[in-house]
Amino acid sequence: MDFLMSGLAACGACVFTNPLEVVKTRMQLQGELQAPGTYQRHYRNVFHAFITIGKVDGLAALQKGLAPALLYQFLMNGIRLGTYGLAEAGGYLHTAEGTHSPARSAAAGALAGVMGAYLGSPIYMVKTHLQAQAASEIAVGHQYKHQIFPPQSWKVALVAAMVSGIAVVLAMTPFDVVSTRLYNQPTDAQGKGLMYRGLLDALLQTARTEGFFGMYKGIGASYFRLGPHTILSLFFWDQLRSLYYTYAK
């Protein structure tokens, strides 16, 4: 559960921070091994880079490399935080007397970080290659011509649906938990709920009593149910539209 929760949380954050990663990658490659003042600065600062990329490459370019970035975040953070969580649950971070050991915590954190970084490194390389791809007039660094999927491939729709499945689960699980509890609560003779007054009350009670993660109970089951449902729904929708426009002409 620690692996899944930390991985999904990192993926949710990645969707919003990936544009900054694209900007960071290009600014770091700009002027590579060239003396200051001897090269053209396509990106003067963070805000200028955002505007330039959006104007020249298109707004979609700000999410370049999102697929490997999500996989990298899920794998790296899932392994890093999940491994540390297992060590903590197993009691390895405490001494024989039961006191917390800073040395063991540091060692467990370092080991978990090394494992996550080692396994995630190949994916990070692919992500960097994709995020560096740009139109010739604003290109920086070496330009790899990777193309994960050919245009109009069904795999594009599949990956997009997988990403949206993560977003849906992260956004909807608290409401799913609350709806389950509202439907399942006992009622009085008039049919009025005895535990919750409504949606907001159920959310507040759950958060106060069980904490933030209490609202994400069953998120693993939710993704394995809702994730494939979202993936297949969007995938079939895209394929049916493609067939319709192909044979309707």
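Author: The chain has 7 helices and 0 strands, where helices (H or I, at least four residues) and strands (E, at least two) are DSSP runs numbered from the N terminus. This is a predicted model, in which local features need pLDDT of at least 70 and side-chain atom pairs count only at pLDDT 80 or more, while totals for chains, interfaces and linings use all residues. Residues are numbered from 1 along each chain as its sequence is written, and side-chain values use heavy atoms, leaving out hydrogens and water.

Now to the core itself. A nonpolar core is a set of buried Ala, Val, Leu, Ile, Met, Phe, Trp, Tyr and Cys residues joined through side-chain atoms within 4.5 Å; buried means under 20% relative accessible area, exposed over 50%, and partly exposed in between (1.4 Å probe, protein chains only). The largest such core has 17 residues, and Leu8, Cys14, Leu70, Ile166, Leu170 and Ile219 have the most contacts inside it. Two or more residues each come from α1 (2-29), α3, α5 (154-184), α6 (199-210) and α7 (219-248). Of these, α5 gives the most, with 4 residues.

Let's zoom in on one member. Setting aside neighbours within four places in sequence, Leu170 is in contact (heavy atoms within 4.5 Å) with Leu8, Gly12, Tyr216 and Ile219. Another core, of 10 residues, lies apart from the largest one and includes Val23, Tyr43, Ala49 and Ile138.

Among contacts between residues at least 6 apart in sequence, 68% join residues at least 24 apart.
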